[in-house]
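Keep the structure open as you read, and try to find each residue as it comes up.

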Amino acid sequence: MDNKELVKEALAAREMAYVPYSNFAVGAALLTKEGKVYRGCNIENAAYSPTNCAERTAFFKAVSEGEREFAAIAVVGGPAGEPPVDFCYPCGVCRQVMAEFCPDEFVVLIGKSEEEFREHTLSDILPHTFRDADLHK
Ligand code: THU
């Protein structure tokens, strides 16, 4: 699966976003090292704080199926019902979840369309990470 295909998966995942409160639909597609893709969308809640971001939905689906090794994630977001108007970067909580399971070189694709996307690494978007090793257990 190449980068463009992964962004396309994220755009498809975005179609499932449940966003009655923000009307901001996000899709993510998480690629395992073995080449399997897990899709995620944001899922909102009337109580607001239980809302789950698209990226975490994808990670939690994958981890709960036993996946532990990941190569890349694609993220797309914007007002629901129209194509993304801008690049949508992961929130801080989602970056921290990525750091739990992924190395610094993990690829983060931020797309506006399958033709237009930026490629980053996890360490670009989350430097000076706090991980398991930092607990000095
Ligand atoms: N959201 C995501 O799903 N991922 C991000 O990277 C940024 C924000 C969601 C949370 C909420 O449902 C909506 O976008 C507006 O914040």
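Let us begin with a pair of charged residues: Lys112 and Glu116 form a salt bridge, with their closest N and O atoms 3.9 Å apart. A salt bridge here is a side-chain nitrogen of Lys or Arg within 4 Å of a carboxyl oxygen of Asp or Glu. Side chains of opposite charge can pair when their charged atoms come close. Lys112 is partly exposed, with a relative accessible area of 21%, and Glu116 is partly exposed too, at 40%. For these words, buried means under 20% relative accessible area, exposed means over 50%, and partly exposed is in between (1.4 Å probe, protein chains only).

Before going on, a word about where the values come from. This is a predicted model, in which local features need pLDDT of at least 70 and side-chain atom pairs count only at pLDDT 80 or more, while totals for chains, interfaces and linings use all residues. Residues are numbered from 1 along each chain as its sequence is written, and side-chain values use heavy atoms, with hydrogens and water left out.

How many salt bridges does a search of the whole structure find? The search finds five. One of them joins Glu115 to Lys4, with 3.4 Å between the closest N and O atoms. This pair links distant parts of the chain, 111 residues apart: Glu115 is in the loop between strand 4 (107-111) and strand 5 (117-121), and Lys4 is in helix 1 (residues 3-14). Helices (H or I, at least four residues) and strands (E, at least two) are DSSP runs, numbered from the N terminus. Glu115 is exposed, with a relative accessible area of 61%, whereas Lys4 is partly exposed at 36%.

Arg39 and Glu9 also meet in a salt bridge, at 2.8 Å from N to O. Arg39 lies in strand 2 (residues 37-41) and Glu9 in helix 1, so the pair ties together parts that are 30 residues apart in sequence. Arg39 is partly exposed at 36% relative accessibility, and Glu9 is partly exposed at 22%.

**Cysteines**

A disulfide is a covalent bond between the sulfur atoms of two cysteines. With the cut-off used here, a pair of cysteine sulfur atoms within 2.5 Å, the whole structure has zero disulfides. For Cys53, the nearest cysteine sulfur is that of Cys94, 3.8 Å away. For Cys102, the nearest cysteine sulfur is again that of Cys94, at 12 Å. Cys102 is buried, with a relative accessible area of 4%.
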